[in-house]
Amino acid sequence: MNFSSKLLENAVAEFSKLPGVGQKTALRLVLHLLKQDKADVERFSNSVTKLRNDIQHCRTCHNISDFTVCEICASRKRDHVTICVVEDTRDVMAIENTNQYTGVYHVLGGLISPMDGIGPSDLEIDSLVERMKAGEVREVIFALSATMEGDTTIFYLHKRLKEFKINFSTIARGIAFGGELEYVDEITLGRSIATRVPYESSLSK
Ligand SMILES: [Zn+2]
């Protein structure tokens with residue numbers, strides 16, 4: 001692409017680094033911004049900068065949060081003996097949208113994937129073990145995608161956690177997940193949490 005301006009070219013180059021955004025789309029977005037009021041564009045860029053600088057990860061569950069402890073972990077209305085283990089914040093959002101789950105979460109920050117060089121130590125697994133040691137947890141629900149990485153991660157977690165005498169369950173995985181929890185509709189996801197199955201029995205199927 002030949003640009004008439006270096007500033008334009010730089011902005012397009014930045015936008016095209018975003019996932020799913022090619023050069024053409026990046027150019028369209030940048031030209032769109034040029035038509036906006038300067039104040040609107042400033043608000044846009046400030047919100048991105050502020051997001052990146054000020055965002056925190058809850059020190060308990062590692063969910064993205066504005067505070068050191070997220071609102072879910074801090075809430076007395078939540079059932080703190082049940083922990084739902086998920087891949088990332090999108091899964092927390094999807095499960096919260098079902099209004100069916102009253103427990104707390106643990107956000108791993110990814111899945112074990114030897115192909116991509118992601119091992120257990122790259123994920124928030126040690127901190128999950130620490131939460132178990134506190135002795136209050138009674139159930140861990142594995143709500144990970146029905147992919148090879150999801151299965152591998154659950155298998156590993158179960159191995160690490162089974163010394164703690166608690167219940168392990170998985171959300172019903174026979175339904176069409178389309179890979180990731182965020183794509184499941186709320187009713188299906190809500191139902192699959194309500195009808196979760198003990199992990200040990202899911203292995204024998
Ligand atoms: Zn939290």
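Asparagine 99 lies in the loop between helix H5 (89-97) and strand E4 (103-107). Helices (H or I, at least four residues) and strands (E, at least two) are DSSP runs, numbered from the N terminus. The model is a predicted one, in which local features need pLDDT of at least 70 and side-chain atom pairs count only at pLDDT 80 or more, while totals for chains, interfaces and linings use all residues. Residues are numbered from 1 along each chain as its sequence is written.

Most residues other than glycine have a negative phi. Asparagine 99, however, has a positive phi near 55 degrees. This residue counts as exposed because it has 9 C-beta neighbours inside 10 Å. A residue is exposed if 12 or fewer other C-beta atoms, placed from the backbone, lie within 10 Å of its own, buried if there are 20 or more, and partly exposed in between.

A positive phi, of about 70 degrees, is also found at histidine 62, which is not a glycine. Histidine 62 is placed in the loop between strand E1 (56-57) and strand E2 (64-65). Histidine 62 counts as buried because it has 23 C-beta neighbours inside 10 Å.

An unreviewed UniProt entry places the feature "zinc finger region: C4-type" at residues 58-73. UniProt positions are given in the numbering used here, feature names are shortened, and annotations may be inferred rather than shown by experiment. Over residues 58-73 the chain is 19% helix and 12% strand, with the end C-alpha atoms 8 Å apart.

Two packed helices are described by the angle between their axes and the distance between the axes. Helix H1 (residues 6-15) packs against helix H2 (residues 23-35) at an angle of about 120 degrees, and their axes are 8 Å apart. H1 is therefore oblique to H2. Axes are lines fitted to C-alpha atoms, for helices over the stretch in contact, and angles run from 0 to 180 degrees between N-to-C directions. Angles under 35 degrees count as roughly parallel, over 145 as roughly antiparallel, 65 to 115 as roughly perpendicular and the rest as oblique. On the H1 side, the contact (C-beta atoms, placed from the backbone, within 7 Å) is made by Leu8, Ala11, Val12 and Phe15. H2 contributes Gln23, Ala26, Leu27, Leu29 and Val30.

The protein chain as a whole has 9 helices and 7 strands. Of its 205 residues, 26% count as buried. The C-alpha trace spans about 65 × 35 × 35 Å along its principal axes.

Note on methods: Contact = placed C-beta atoms within 7 Å.
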